[in-house]
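Here's a quick briefing to read alongside the model. Have the viewer open and follow along topic by topic.

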Amino acid sequence: RPRSGSPFWRTNSANTGSKNYDGKKVVGASYSHADMLKFDSLSLSGGSSRPRTPPGPSRETSNTSNRSGNTSTGSPPPRRTYTSFLRETNHDWDAQDEEEEDNGESEFNLEDDDEDEFGLPSIASMRRKGKRLNAAKANVDPGGGPYYGNSSSGGDIAEERGIPSYPTAKRAEGKILRPQYKEILRDPANALHLIDHPPLPAGASAKEAEAYSSRIGRINKFKRLLQTSSIPLAELRASAWSGVPQEVRAMTWQLLLGYLPSSSERRVATLERKRREYLEGVRQAFERGTAATKSAAREGEGGTGAQTPPVAARAGTARGRGLDEAIWHQISIDVPRTNPHLPLYSFEATQRSLERILYLWAIRHPASGYVQGINDLVTPFWQVFLGIYITDPNVDSGMDPGQLPKAVLDAVEADSFWCLSKLLDGIQDNYIFAQPGIQRQVASLKDLTKRIDAGLARHLEQEGVEFIQFSFRWMNCLLMREVSVKNTIRMWDTYLAEDRGFSDFHLYVCAAFLVKWSDQLVKMDFQEIMMFLQALPTQQWTEKDIELLLSEAFIWQSLFRDSSAHLRGSSAEAS
C-alpha cells in the first residue's frame with residue numbers, strides 16, 4: 001500500500017496503482033530547476049492545459065516463486081536488474097497488510113493523544129512509527145537480498161518523503177522578542193516608536209552623511225503619515241521606500257493591500273475580527289475531518305464484529321480526516337521545498353503555519369485551488385510580519401518561531417493569509433484553468449522584448465528559444481526563484497505602491513530583467529541560454545541592484561504604457 005512520507009497526509013489504499021489525472025484540473029507550475037516543464041504542451045493559445053506530473057508506472061503482478069530466491073550463502077547472488085527489483089518488491093505491501101490484519105490495527109491508527117489541536121498526526125508519533133519502519137527495513141527478505149522498502153507509484157519522487165527532521169534551536173540562539181509585543185499585537189502602529197536609528201559611523205564622508213540624513217527623513221515621513229488619524233494612501237504610495245525598516249514596511253503593506261483600514265479608530269477592531277475569523281476558518285477546515293474519522297471508526301467497531309475499523313479510519317487518509325486529498329498532498333510536498341536555503345523555513349512551526357495558510361486559501365478559492373508557486377508568494381508576508389515582533393531584523397536565520405508566544409504566531413499567520421488573499425485577488429487569472437493571465441504576460445513580454453532589444457529577440461528566435469520556456473516561472477512566481485526573499489521584499493515595496501504592480505508593472509520588470517543579460521545571451525546557443533536563464537547570477541544582488549532594475553522598468557513603462565498597441569496585439573495573438 002503506497003504511502004507518502006508526509007506526517008500530515010496519507011494515501012488511500014483504494015487509490016494505489018496508476019494515477020488518473022483530471023485533464024481539467026490545474027496541477028501547477030514546475031517547481032525547481034530540477035523539474036522538467038513540458039514546454040511543447042504550453043502554447044500561447046489558451047486551449048492547452050498546464051504540464052502535469054506524469055503518472056507512475058502501474059505495478060506488475062509477479063509470481064510468488066520470484067520471492068523465494070536462493071538463500072544459500074555459498075556464493076553471492078547474481079546482480080539484480082532494476083526491473084527484477086521492482087518485480088520482487090511488489091509483494092512487500094501484501095506482507096505488511098497481512099501483518100497489520102493479524103495485529104488488528106494499522107500503524108496509522110493514531111490515538112487521540114497522538115494528534116495536534118486540529119486532529120492531524122503529531123510529529124512525535126510519526127517519528128516513533130518511523131523508527132519501527134526503519135527497524136523492519138533492516139531485515140532480509142525471503143529472496144536472499146536486502147529489504148528495499150516500499151516505493152509509491154507516483155511520478156513525483158517527493159511523494160516518498162521520509163519523516164521530517166526539523167532543526168532544534170536553543171533558546172540562546174533565538175532572536176529576542178520585543179517586550180512590547182502585546183502592544184504591537186493590538187496595533188502595529190505601536191511599533192513605530194521602537195524604530196532604532198544606528199548612529200552615523202565616525203569619520204563618515206559627506207556623501208555618507210547625506211545618505212544617512214536622507215534615510216532618517218524618509219523614515220520620519222512614513223511615521224508621520226502612519227500616525228495620522230486618517231492615513232492618506234495616495235501620499236503613502238508616493239513615498240520613497242529605500243532603507244525603510246520592517247516596522248514601517250509591515251504596516252504600510254497591510255494598508256496598501258486594503259487589509260488595514262486607513263482610519264485609526266477602526267484599525268484595532270478590524271485586526272481582532274480578521275484574526276479571529278482566520279483562526280475559526282482553520283479550526284473548521286481541520287476539525288471537521290477529526291469528527292469524520294472518529295465517526296467512521298465507531299461505525300467499523302459496531303454491527304459486523306470486525307476487528308479492524310474501516311479503511312478511511314485505519315489509514316488516516318486526508319479524505320477520512322475531511323481534507324481535500326489532492327490539495328493537501330501537493331501542499332505537504334511543496335512547503336518543505338520552500339526557501340530550503342533559509343533556516344527560518346526549515347523549522348516545524350514555520351512549515352505548519354504555511355501549510356495552514358495555503359490549505360485554507362485553496363479550499364476558499366475552488367476556481368484555482370492550490371497551484372505550485374503560491375507557496376513562494378506567502379513567504380515575504382510571513383517574514384515581514386514576523387519581523388516587527390523581533391529586535392533583530394535578520395529573522396531569516398537563527399530564528400525558531402516555535403519559541404515565540406502562540407498569540408504572536410497566530411497574528412503573523414492570520415495577517416499573512418489575508419494579505420496573500422488580497423494579492424492573489426488581483427492576479428488570480430494566473431492560476432485558474434489554462435492560466436490565461438500568464439499566457440498573456442508571456443506573449444506581451446515577447447513583443448516588448450522585440451521593441452526594446454530586437455537583436456536579443458532575434459537571437460532567441462534563431463536558437464529556437466520560446467519565451468514560455470523561461471518566463472513562465474517569472475510570471476508564476478513573480479521572480480521569487482530568481483532573486484532572494486530580501487530583494488523580493490524590496491521589489492514588492494514598489495509593486496504595492498504602483499497601480500496593478502503585480503501584473504502590469506511586473507511585465508516591465510521582467511523585460512528589464514531579461515535585457516540586462518543581453519550581452520551574455522547573444523553569445524550563447526540554445527542549451528547555454530536555457531541553463532543560464534535557469535540559474536541567473538543574482539546571488540550577490542543587493543537592494544541597490546533591485547532599485548536599479550526597478551528604475552529601468554519605470555523607463556520601459558513610461559515609453560510603452562501609453563502606446564500599448566504592442567500589448568493589445570500580443571493579447572489578441574494569445575487568445
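A word on confidence before anything else: pLDDT is the predictor's confidence in each residue, on a scale from 0 to 100. What we have here is a predicted model, and its pLDDT averages 75 over the protein, with 61% of the residues scoring at least 70. In secondary structure it comes to 24 helices and 0 strands.

**Where to be careful**

- Over residues 89-122 the pLDDT stays under 50, and the model has 84 contacts beyond four places in sequence for that stretch.
- Residues 137-161 also stay under 50 in pLDDT, here with 64 contacts beyond four places in sequence.

**The overall picture**

- The protein has 575 residues, and 52% of them count as buried.
- Take the contacts with a separation of 6 or more: 76% of them are between residues 24 or more positions apart.

**Helix 18 against helix 22**

- Helix 18 (468-476) and helix 22 (residues 526-534) have axes that come within 10 Å and cross at roughly 10°.
- Angles under 35 degrees count as roughly parallel, so that is the label for helix 18 and helix 22.
- On the helix 18 side, the contact is made by Gln469, Phe470, Arg473 and Trp474. Helix 22 brings Phe526, Met530, Leu533 and Gln534.
- Sorted by class, the contact of helix 18 with helix 22 has 5 nonpolar, 2 polar and 1 charged residues.

**The loop between helix 18 and helix 19**

- Carry on past helix 18 and you reach Leu478, in the loop between helix 18 and helix 19. Leu478 isn't a glycine, yet its phi is positive, at about 55°.
- Is Leu478 buried or exposed? Its relative accessibility is 0%, so Leu478 counts as buried.
- Leu479 is found in the loop between helix 18 and helix 19 too. Its phi is near 65°, again a positive value in a residue other than glycine.
- Leu479 is also buried, with a relative accessible area of 1%. The cut-off for buried is under 20%.

**Helix 14 against helix 19**

- The residues of the contact of helix 14 with helix 19 split into 6 nonpolar, 2 polar and 1 charged.

**A stop at Glu235**

- Glu235 lies in helix 7 (residues 233-237).
- With 34% relative accessibility, Glu235 counts as partly exposed, because the class runs between the 20% cut-off for buried and the 50% one for exposed.
- Setting aside neighbours within four places in sequence, Glu235 is in contact with Lys221, Arg224 and Leu225.
- How far apart are Glu235 and Leu225 in space? They are 8.1 Å apart, C-alpha to C-alpha, and 10 residues apart in sequence.

Definitions and conventions. Residues are numbered from 1 along each chain as its sequence is written. This is a predicted model: local features need pLDDT of at least 70, side-chain atom pairs count only at pLDDT 80 or more; totals for chains, interfaces and linings use all residues. Side-chain values use heavy atoms; hydrogens and water are left out. Ala, Val, Leu, Ile, Met, Phe, Trp, Tyr, Cys and Pro count as nonpolar, Asp, Glu, Lys and Arg as charged, and the others, Gly among them, as polar. Helices (H or I, at least four residues) and strands (E, at least two) are DSSP runs, numbered from the N terminus. Buried means under 20% relative accessible area, exposed over 50%, partly exposed in between (1.4 Å probe, protein chains only). Contact means heavy atoms within 4.5 Å. Axes are lines fitted to C-alpha atoms, for helices over the stretch in contact, and angles run from 0 to 180 degrees between N-to-C directions. Angles under 35 degrees count as roughly parallel, over 145 as roughly antiparallel, 65 to 115 as roughly perpendicular and the rest as oblique.
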